[in-house]
Structures are given as structure tokens and as C-alpha cells.
Number of protein chains: 2
Amino acid sequence: MHGDFLLGKKAAVTGKRGLLEDLVLNERAQLVLISIIENYIQSSEPIGSRTLSKSIGVTLSPATIRNIMSDLAELGFLIQTHTSAGRVPTDKAYRFYVNSLSTPSSVPEQIKQKITLVSTEQGMQVEGILAEAVHLLADLTKFACVVSTPKASVSRLQRIELIKISEDRILVILVTKAGVVRDKIIFVKDSHSQDFLNSVASFLNEKFKNHSMQEIREKIHQYLVDDRNRYHDLLAQAVRLGKKAFELNNPGEMLIDGQMNLLLDSHFHKQSSVRSLIEAFNQKSEIMKILDDSMRQKGVHIFIGIENDFEQLQGCSLIMTSYRNNQNVLGSIGVVGPTSMDYKRIISIVEYTAKILSETITERSYD
Amino acid sequence: MHGDFLLGKKAAVTGKRGLLEDLVLNERAQLVLISIIENYIQSSEPIGSRTLSKSIGVTLSPATIRNIMSDLAELGFLIQTHTSAGRVPTDKAYRFYVNSLSTPSSVPEQIKQKITLVSTEQGMQVEGILAEAVHLLADLTKFACVVSTPKASVSRLQRIELIKISEDRILVILVTKAGVVRDKIIFVKDSHSQDFLNSVASFLNEKFKNHSMQEIREKIHQYLVDDRNRYHDLLAQAVRLGKKAFELNNPGEMLIDGQMNLLLDSHFHKQSSVRSLIEAFNQKSEIMKILDDSMRQKGVHIFIGIENDFEQLQGCSLIMTSYRNNQNVLGSIGVVGPTSMDYKRIISIVEYTAKILSETITERSYD
DNA sequence: TTTAGCACTCATTAGGTGGTAGTGCTAATA
DNA sequence: TATTAGCACTACCACCTAATGAGTGCTAAA
């Protein structure tokens, strides 16, 4: 066998197309591979040597290309759906392709103009802004898009308010630094006066402003186990109410838009079963995990095919990135599409949308 | 022609199957029609005379049935997809069928047990409860389901609260009688003290408790045009803030669940284009209209095929009903499915779910 | 190292066949 | 008169077949 000839000399590695890490292909092989991928992204038909030899810039006979393709297949970049069909890029090929996109392409001015969020003008809350952003993204990409709402546990307290609305119910309002307002109702056994609630609230505000919900919960727990506080009545009551008020009842949520887009995407039907997709979207928790993961890392995060851990989504690629305010990373936003998506375009759109979203939310923040 | 023989004598009209209004079919024709419909609902295959002659209770030869079918077709209850195919019910037939379902069938105990809302236990707000209800409904019916959130304009004020969260921002909390909490942030030019906001809030509470948002807006408008109030500073300020606070910024919303279910329904692919469905769900406003309409009427509301005004949904049937608290109708909930759905079953499930939802929300109300 | 040529594979398409489920019509029957 | 049996006819469907064409791998020549 002579598949070795693709293994580039050092010269190849320093070629124009920035090669990364362990992938070593000579320049011509790269050209062919990228050409196949870009063709396939456009047509979603298997690419044959003859077709390629025409569309590729360099003059190479179909036979030569066949040799190269054959070797690329052997290295796991291409597969055939059947003998005598053209070749189709594998996940590995897309990974190579995405890595080779060194300079992120900028968003066309025309699309930039479309990426604006008008919900702020209508005095909408953070959730409303996120809903608009994810809808916009779905509209531009024509794929399914997801966004996670700011995590309650990491967000820091700007203000808490307790409002008596009936004898046994207290409305708790939490405003976080990020400008998110959460309300919930807690039920109490004995009635409290509004005055009392006010002093509890101001105690909690004073004590916990700027602390994260997580921290607050821990501190309250401390108070509760600390015996000495039992004797101070107001404090004890305040802490007890505070415990209820800060109890996590809002598991991080996510918004989905454009699921249906996937189903009429021609690229899509060829590779993934509709049924598993539906299951995937019904079981939000798994997608949440992926969103959470990409919150922790900077920049755009790309999962191609099997690279994500969620089996039902392994026929898809995910492009995720985080959004933030001045101070903190708040959540992430991204798209779910076929592995044969137009990465260049989608990545740039996701990136730019997240940027606009971040700016919009920063305006709303109290940091 | 002898199609006339289906036109029932008066005797037929008083037959067991309750016939409504203008539809006059003799008993045997009804039996055949209903039999066809029920067969088709089950199999979603065109029904032929031979098949029917076996499955139907009465002994009728295929030839006789053919005669009846031919006449039913002439009257617009059946169509053929092509010569020599069996017959398929039209919208008119389903309408007849639904009307003939005089006694609403009860929900099987087994399903009743599944229809429970657990979100209340987790201290969730009304929106959370609605989300759970619509998800449940989608799960049970395997169709797409929608629910409209309580209309802001008709809901009545329980309590308003104004909270200063920064120099130029005030958080407005509105609690309605139905237990819905709405928050929004308003921006103001000059800073107000919290004490001032408190007196404004208590003024507004006193003045407007139990009034609908719509009424409140009108009254505020009155105040503003009434010159005399201008000289009373507190009042004038309060009214100005109140105007901002009560401004409608929350257009009635709706939640959708289970859209994807439609796409793998076998009945469905046969009749409606996926594309128009997707458009339908992207353009929520039209579905909102239908939900609004069915809020105004009592009981379950059924739109079969072309009976709804929204072109994109005319391949579907909609089953809608309202939910309420003790005092008011709040919104509506329902399903969107193929015209050949199992009406008996779906109607009863929608009805029962709405009942449970109403009970759950009533518990949350302040009426 | 590249290319031309050739034999081969396999999906897709079009045409043809028999079987089947359905119809409408007519004439016989109860 | 209402019902039924019988028959000719239609159209879909599943199956086969042959032809087409895009693609491959291999080999030998340039």
C-alpha cells in the first residue's frame, strides 16, 4: 500500500492552510478534502472524482483524485454509502475542516443588520430577550436553536423583596445582578405583618447583597446549624424565611426554537432519524448538559456528530457559545443542525448573535 | 337518480342516534357513515364496501353498501382519492360524526391517573403550571398542544408593588387575582425614594384593587386628562408612574408543546403538507386568535379542517376549551391534530385536563 | 507521479406483469 | 321496491427486468 504519500513532509505542515496538531496531510490532499466537504455542504450529494476534478481549482485528472480520495477514505476522512457511489465526508473530516478555518469569517453586513434585538425597547425582561434572540437565530440559520437561561445558583443578589399577599402566602421577588427577576410564592404557617417582612427583607438585603445564590444558601445553612442564633427571635425568623425564599425551585431552564426547521432540511433527512431527534428535544436535560459545558469554556464550542455525549443527537452538529454581561458568563446559546451544515456561515452567525445578546443584557445588568 | 332515499322520514330524525339540525340521513346511512369514519380513524386507509360489510354489525352486502356510499359521496360526506379506491370521510362527515357524539365519553380511569399537575408542589408560578399542563396533554394525545396565558387586560389587580432598584429603574410587580405575577422594569428620568414609591404603590392599591387592567388604564387616562389633578403633586406623580406601570407590555402569550409529534403521525402525512404546518406554528398570532375565540364560549370547541379561518391549519382539526378560576375564564387550552383524529378520546382528554388545570389554578387564586 | 483506459458495481429509472381491492352497472331475486 | 349477485373495468401496488449512468479500482502507458 502507498497511502503513506499523504503524510506530509514538514514543509506541508507549514503550508498556507493552518494545520493543527496531529493531522498531517499534504497540501494537495487537504485541498481535495476541503473541496469535497464544501461541495457536499452545498449539494448534500456524494461527491465523485469526475465532478470534483471539474469544480476544483487545480487541474487534476479524475484518476488522480480517485487515488487521493481512496487514501483519504483509508484514513477515515471519507466513506462511501455503497460501492460505486461518490464519497461523503465523515465526522473526522468535518472536524479537520472546522479546525482549518483559522480566521473566523465575518458576518455579511446584510445579515448583521438583521441581528438586532428589539425586545428591550418594549421593556421586556431577560427571558423575553432570550426568546427573541433564539427565535432570531432559528430564523437566520433555519436550524433548531437553544438558549439556556441564566443559572440561578451562580447569579448574584441585587435585591430581595418580600410581599405579603394573603395570610398564608408571601411573594418573594429576587432581582439578580444580571437583571433577572424571579418571583415565587412561599406558603407559611403563621401570618406575618408586612412591616415584619420588610425588616426581614432589609436584613437579608444587607447581609447578602452581591453574594451568589449558592453562597447565600450555604450561609443560611450555617446560621441554622449555629445554635446561638436561636435566641434572637427576629434573626431566627428571618433566616427561616430566607431559607424558603432562596430555596432553588428554578432548575436552569432552556428555550428552544425552530425545531421544525430541521425536519424540512434536505441535508438532514439523509443522515438522521426524525424519531431520535424528537426524543432528543423532549428530553431537555441532555441538551442542558451540553449548554452548561459550553458555558465553562471561552469562544465558540463545536460538537460534530459523535463528539457530543448525547446519543440521540449524534447525527447532528452543535455550535454553542456563551453569552454574558460585564461581569459574568450567564448562559449559552447555539444551534443544532446537520453535520453537513455550512460551518463558516453558522459559526459566524452564532458568534455575532451571542455578542449582540451579551451587549443587550449588559445594558440590563446592575454590575 | 335515487339519492333521495337517504333523506330520512321524520321517524329517522327521532332515531336513537341524536341527529342535529339540518342533517337528515336515515338510520342505515348514518350507521354506514359512522362506521366508515370510525374505521378510517383507526386505520387511516380508505374504506371499501367489502371491508365495511364485514366490520359493520348489521348484515349488508357489499353491493348495498356501495349504493349507500355512492349516495353519501354525492351528498359530500365521502370522497375517493382515485377511481377504484375506497372512500375517505370529508370534513363534513367528521362534523356530522362529532355532532352525533351526544354523550361525551368519560376518560378511562387509567388516563385520569396520569392527568395530575405536580408543579404546584414545587411552588411554581402559573406559567409553570400551564407549561406542565400543555406538556402533559401533548404526551397523552401525541399531537401538538397549545395553551394561552391569562390575558393581562381582563385580569384584575390583587396587588401592585414598586421597588427602586437603581437610580433610574423601578421594578413593578403586579399580582393579579388569578395568582399571576408579572414583573417589569420601568425607566424614569428623576430618581424617587423608596418611601415615595411605597406611598404611590399604596395609593394605587387602594384605588385600583379588584379592577381589571383594562379599567385601570382607562381610569388613569381619565386622571391625566383631568386638569384639576395637576396641582396635587403626589397624585400627579403617582398617576404618571401608574400609567407606566400598567402599560400593556405583555401581549397575550401562548405555549406550544409537541409540535414534533404531528410529524410522525401516520394519519397526518397523508393529508397535510409539513411545510404549511411549520409556517402555521411560526406565526403564532393566528393560533392565538383561535384560542381567544374559544375562550369566549363555554364547553369544548371543535374546528374541523376548513372550519377554522387559518389557511395553514385547514388540514387539521383543533379541539379547544377554556380554563378558569372560580371567578373568571382565564385562557384556553387545546390540541392540533389531523382531521382523522380519534375525536371521542381526544375531546374527553382535553376536557378533563382543562378541568384539572382549572382546579389547580383556582387554588392559586385570590378570589 | 500522473493519467488514460477498461472492466466492474450498484443505485436509479422506466417499462411490463400479475394480483388485489375497489368501483359502477345491470339483471336477477326476495 | 329494495337488495343482492355477477361481471367488466380501473388503478394502485409489489415485483421483476433491462437499460442507463455515475462512480470505483486496477493496470499499463506516458
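User: Is B:Lys344 buried, partly exposed or exposed?

Analyst: Happy to start there, with the note that this is a predicted model, where local features need pLDDT of at least 70, side-chain atom pairs count only at pLDDT 80 or more, and totals for chains, interfaces and linings use all residues. Side-chain values use heavy atoms, without hydrogens and water, residues are numbered from 1 along each chain as its sequence is written, and chains are lettered from A and ligands numbered from 1 in the order in which they are written. Buried means under 20% relative accessible area, exposed over 50%, and partly exposed in between (1.4 Å probe, protein chains only). The relative accessible area of B:Lys344 is 38%, so this residue is partly exposed.

User: Which residue forms a salt bridge with B:Lys344?

Analyst: A salt bridge is a side-chain nitrogen of Lys or Arg within 4 Å of a carboxyl oxygen of Asp or Glu. For B:Lys344, the closest N and O atoms of the pair are 3.7 Å apart, and the partner is B:Glu38.

User: How many residues apart are B:Lys344 and B:Glu38?

Analyst: Helices (H or I, at least four residues) and strands (E, at least two) are DSSP runs, numbered from the N terminus. B:Lys344 sits in helix α15 (residues 343-364) of chain B and B:Glu38 in helix α2 (residues 27-43) of chain B. The pair links distant parts of the chain, and the separation is 306 residues.

User: What is the N to O distance in the salt bridge of A:Asp139 and A:Lys142?

Analyst: A:Asp139 is partly exposed at 46% relative accessible area, and A:Lys142 is partly exposed at 45%. Their side chains meet in a salt bridge, with an N to O distance of 3.4 Å.

User: How many salt bridges are there between chain A and chain B?

Analyst: Over all chains, the count comes to 20 salt bridges. Between chain A and chain B, the count is 0.

User: Which element gives the most to the side of chain A that touches chain B?

Analyst: Contact means heavy atoms within 4.5 Å, and 32 residues of chain A are in contact with 32 residues of chain B. Chain A and chain B bury about 3,200 Å² between them, where buried area is the accessible area (1.4 Å probe) that two parts lose on being put together, summed over both. The elements giving two or more residues to this side of chain A include β5 (169-176), α13 (274-282) and α15 (343-364). The element that gives the most, with 6 residues, is β4(A).
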